[in-house]
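User: I would like to go through this structure with you. Could we take it one element at a time?

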Amino acid sequence: MNAEFNGIISPENLVYKKPELMNEVPMHYCPGCSHGVVHKLIGEVIEEMEMEEKTVGVSPVGCAVFAYRYLDIDWQEAAHGRAPAVATGIKRLWPDRLVFTYQGDGDLACIGTAETIHALNRGENIVIIFINNAIYGMTGGQMAPTTLLGQKTATCPYGRDAELHGYPIKITEIAAQLEGTCYVTRQSVESVASIRSAKRAIRKAFEASMAGKGSSLVEIVSTCSSGWKLSPVKANEWMKNNMFPFYPKGDLKDKTSE
Amino acid sequence: MGRMKGAIVVDTARCKGCALCVQACPKAVIAMGKRVNVSGYPYVEVICADECIGCASCGIVCPDGCITVYRKRIDD
């Protein structure tokens with residue numbers, strides 16, 4: 001059996017490995033975190049588009065603050081929530097570069113709401129990757145603007161109450177209403193099928209930005225197993241049962257073929 | 001009529017034992033091991049290599065990019 005096994009493991013039989021752009025350094029993310037999958041997808045898409053030397057990512061404040069350690073492209077770290085404003089400057093100075101921001105819900109939907117909405121509304125040719133796990137992961141699981149009603153966090157231990165905390169915000173729906181956006185979609189990465197769909201969405205958004213069609217927002221509904229206090233497998237189940245009904249997946253706007 | 005035979009290589013030093021690959025594998029080829037790596041995480045091990053069809057589901061869902069997948073047609 002070993003001889004057969006060894007015959008299979010050779011370069012010509014390779015069907016899957018992590019993208020070359022992904023560094024060997026272990027990621028600091030918790031086990032099962034969706035960030036890793038999205039990092040991989042971004043790396044794969046950049047490689048397929050052969051944009052390794054012409055991509056600039058803008059990383060947020062949040063768990064993904066160290067994204068520059070994991071993907072071997074150019075990165076710029078932005079002040080909290082200001083990634084779309086920084087990306088605007090980079091793209092205007094370097095129109096031939098692929099410029100994207102990578103932001104969580106605390107960065108994008110809370111402190112950075114103004115920058116996000118105005119960058120999208122101006123139709124900057126950038127892509128915003130929005131990781132929505134409905135909680136503040138890095139700081140210890142506090143309530144986020146996207147936390148679901150009834151969801152328990154460190155700062156709403158009895159569950160989010162609309163009267164006290166207001167309602168969860170649907171940034172992606174807002175973005176779809178803006179004239180400047182060309183592609184607005186909501187994806188997830190909990191299964192092979194959804195990961196493939198998310199990859200196609202990221203590719204489409206990146207291509208639209210290089211074609212100068214306007215801004216794109218790709219929301220990835222994600223898990224935070226540490227913040228939700230669930231195992232990675234159970235966190236995926238919880239996401240399917242609770243997040244998807246409120247944050248339905250699919251394209252909200254697609255003007256890329258016009 | 002040949003059949004597809006797969007094989008995977010797990011980077012056990014970087015594996016964090018999230019077990020998402022165990023759930024994704026349609027053939028129950030991998031399982032959580034009892035040992036831990038240098039970071040203190042339990043890691044997945046191949047328990048049933050003969051069953052692997054090289055579908056790459058485990059590699060695709062792995063958040064840390066720890067799994068490399070190979071596939072070859074074996075003629076009977």
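This is a predicted model: local features need pLDDT of at least 70, side-chain atom pairs count only at pLDDT 80 or more; totals for chains, interfaces and linings use all residues.

User: Let us turn to S4(A). Is it buried or exposed?

Analyst: In strand S4 (residues 98–104) of chain A, 7 of the 7 residues are buried, so the strand is largely enclosed by the rest of the structure. The cut-off behind this is that a residue counts as buried if 20 or more other C-beta atoms lie within 10 Å of its own.

User: Which residues lie on each of its faces?

Analyst: One side of S4(A) has A:Leu98, A:Phe100, A:Tyr102 and A:Gly104, and the other has A:Val99, A:Thr101 and A:Gln103. Both faces are covered, and all of these residues are buried.

User: How many bridges does S4(A) form with S2?

Analyst: Strand S2 (residues 55–59) of chain A pairs with S4(A) over 4 bridges in the parallel sense. Within this pairing, A:Val56 has A:Val99 as its bridge partner.

User: And with S5?

Analyst: S4(A) pairs with strand S5 (residues 127–132) of chain A over 5 bridges, again in the parallel sense. There, A:Ile129 in S5(A) stands opposite A:Tyr102.

User: Which partner does A:Ile129 have in S7(A)?

Analyst: The bridge partner of A:Ile129 in S7(A) is A:Val218. S5(A) and strand S7 (residues 215–221) of chain A run parallel and are joined by 6 bridges.

User: Where is A:Gln187?

Analyst: A:Gln187 belongs to strand S6 (residues 181–188) of chain A. This residue is buried, with 23 other C-beta atoms within 10 Å.

User: Which residues does A:Gln187 touch?

Analyst: Leaving out residues up to four places away in sequence, A:Gln187 touches A:Ser194, A:Ser197, A:Ala198, A:Ala201, A:Val218, A:Glu219, A:Ile220 and A:Lys249. Among them is A:Val218, the residue in S7(A) that is the bridge partner of A:Ile129.

User: How far apart are A:Gln187 and A:Asp251?

Analyst: From C-alpha to C-alpha, A:Gln187 and A:Asp251 are 8.3 Å apart in space, while 64 residues apart in sequence.

User: A change of topic: how do H4 and H6 of chain A cross?

Analyst: The axes of helix H4 (residues 83–93) and helix H6 (residues 113–122) of chain A come within 7 Å and cross at roughly 35°. A:Pro84, A:Ala85 and A:Thr88 in H4(A) meet A:Glu115, A:Thr116 and A:Ala119 in H6(A). By class, the residues of this contact are 3 nonpolar, 2 polar and 1 charged.

User: What does the UniProt annotation cover?

Analyst: The unreviewed UniProt entry places "domain: Thiamine pyrophosphate enzyme TPP-binding" on residues 69–220 of chain A. Over those residues the chain is 39% helix and 20% strand, and the end C-alpha atoms are 21 Å apart.

User: Which strand of chain A is joined to S4(B)?

Analyst: Strand S1 (residues 14–16) of chain A is joined to S4(B) by 2 bridges, and the two run antiparallel. A:Leu14 stands opposite B:Tyr70 in S4(B).

User: What sheet results?

Analyst: The order is S1(A)-S4(B)-S1(B), an open sheet of 3 strands with antiparallel pairing. S1 of chain A and S1 of chain B stand at the edges, each with a single partner strand, so one side of each is left without a neighbour in the sheet. From one strand to the next, the twist averages 35°.

Definitions and conventions:
Residues are numbered from 1 along each chain as its sequence is written. Chains are lettered from A and ligands numbered from 1 in the order in which they are written. UniProt positions are given in the numbering used here, feature names are shortened, and annotations may be inferred rather than shown by experiment. Axes are lines fitted to C-alpha atoms, for helices over the stretch in contact, and angles run from 0 to 180 degrees between N-to-C directions. Two residues are in contact if their C-beta atoms, placed from the backbone, lie within 7 Å. Ala, Val, Leu, Ile, Met, Phe, Trp, Tyr, Cys and Pro count as nonpolar, Asp, Glu, Lys and Arg as charged, and the others, Gly among them, as polar. Two strands pair if DSSP finds at least two bridges between them. A residue is buried if 20 or more other C-beta atoms lie within 10 Å of its own, exposed if 12 or fewer, and partly exposed in between; C-beta atoms are placed from the backbone.
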